[in-house]
Amino acid sequence: MIRVLVPTDFSKHALNAFTYGQQLFKGEKVTFTLYHAYEPSALQLLGNKSPLALSKIYRDLKDESEVRLSVFLSEILSKDKSTTFFYKTASYSGHLKDGIAALEENAYDYIVMGTSGASGLKEVFMGSTTHSIVALHKKIPLLVIPENAVFNDPDNIGFATDFARAYSHEDLQPLIVLTRLWKATVRMVEVYEKPKITQVKKDHLQQLEDLLSGVDYRFHTVPEFSSLENCINVFDDELNIDLLVMIDYPKTFFESLMREPVIKKMTFHTTLPFLILPSHN
């Protein structure tokens, strides 16, 4: 049974992310947990509130969250005819990242989460809510679905890496699961500054090939990019990648590609989903 956590704020992009998750795991036995985190607004907390008043605010928010989750689940069940999907709901009093941090170790196999617009995609790489969930290192892979992403069968899964670190089976297992599920080709992509690959990188590449034994894969090298957007456009357009995978190391592969002033100013649009794997090294 695959366990998938789906944070939702009941927005259009959150629903799109959930729908993507349904299509990605169709035919598999999956338990989806619809997860809503709530907290009072600054306006609700304005003034000197008594403990009784504060208690009522939180109780009302909890009731509202549970009702909205129930309605959301009813809408899903009215459309979902799958016999392999099961659903749960959960509310959390507090910020979403705190709710994720409170999860038990390896409580889920995947988190599927949507982002909204260009600013939402920047958030993945600029350290706000979505990336802070990755940075919790809860050992749960995070699948980020851009607002306008449309599901395509993931025939080609891009794995972006610099081969600078050793790999483990635990690191790659979520990628291998999806690859075998869709009989996909893994396109390993190295972004280089200098075209010559070092012996250390060759050793790591061999290790990666051993771990991917039985999986169809190809190896690509591309020159370093002036911006993250250019990098993603190559993965998306030129390599026909349907899903991009990366490992979240302490200093991530993508952080090394970014020039922060450029990223902050650019209009960042993509429909390419990202699967961010936690590092177990």
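Reply: Let's start with D80, which sits in the loop between helix 2 (51-79) and strand 3 (85-93); helices (H or I, at least four residues) and strands (E, at least two) are DSSP runs, numbered from the N terminus. Before going on: this is a predicted model, where local features need pLDDT of at least 70, side-chain atom pairs count only at pLDDT 80 or more, and totals for chains, interfaces and linings use all residues. Residues are numbered from 1 along each chain as its sequence is written, and side-chain values use heavy atoms, with hydrogens and water left out.

Buried here means under 20% relative accessible area, with exposed over 50% and partly exposed in between (1.4 Å probe, protein chains only). For a salt bridge, a side-chain nitrogen of Lys or Arg has to be within 4 Å of a carboxyl oxygen of Asp or Glu.

What the D80 side chain does reach is the backbone nitrogen of S82, at 2.9 Å. That falls under polar contacts: pairs of N or O atoms within 3.5 Å where, within protein, one must be able to donate a hydrogen and the other to accept it, and residues adjacent in sequence count only if both atoms are side-chain atoms. Leaving out residues up to four places away in sequence, D80 touches Q22, F85 and Y87, a contact being heavy atoms within 4.5 Å.

Q22 takes us to helix 1, where the buried residues are H13, A14, A17, F18, Y20, G21, Q22 and L24. The geometry of helix 1 (residues 12-24) checks out: at 1.5 Å a residue its 13 residues should span 18 Å, and its end C-alpha atoms are 18 Å apart, which agrees. The expected span is 1.5 Å times one less than the number of residues.

F85 and Y87, the other two partners of D80, belong to a ring cluster that also links F10, F18, F32 and F72. Rings of Phe, Tyr and Trp (its six-membered ring) pair if their centres lie within 6.5 Å; planes under 30 degrees apart count as stacked, over 60 as edge-to-face and the rest as tilted. By that rule there are 10 aromatic pairs. One of them is F18 with F32, edge-to-face at 5.6 Å centre to centre and 75° between the planes. F18 lies in helix 1 and F32 in strand 2 (residues 30-38), so this pair ties together parts 14 residues apart in sequence. Both F18 and F32 are buried.

Another ring pair is F25 with Y110: their centres are 5.2 Å apart and their planes at 50°, so the pair is tilted. This one links distant parts of the chain, with F25 in the loop between helix 1 and strand 2 and Y110 in strand 4 (residues 110-114), 85 residues apart. F25 is buried at a relative accessible area of 0%, and Y110 counts as buried at 4%.

In one, the side chains of D109 and R3 meet at 3.2 Å, N to O. D109 lies in the loop between helix 3 (96-101) and strand 4 and R3 in strand 1 (residues 2-7), so the pair ties together parts 106 residues apart in sequence. D109 is partly exposed at 26% relative accessibility, and R3 is partly exposed at 32%.

E66 and K62 form another, with the closest N and O atoms 2.6 Å apart. They are 4 residues apart in helix 2, which means a separation of about one helical turn. E66 is partly exposed at 36% and K62 at 37%. D216 and R218 also form a salt bridge, with a closest N and O distance of 2.5 Å; D216 is partly exposed at 34% and R218 at 39%.

Zooming out, the chain has 10 helices and 10 strands, and buried residues make up 49% of its 281 residues. Among contacts between residues at least 6 apart in sequence, 85% join residues at least 24 apart.
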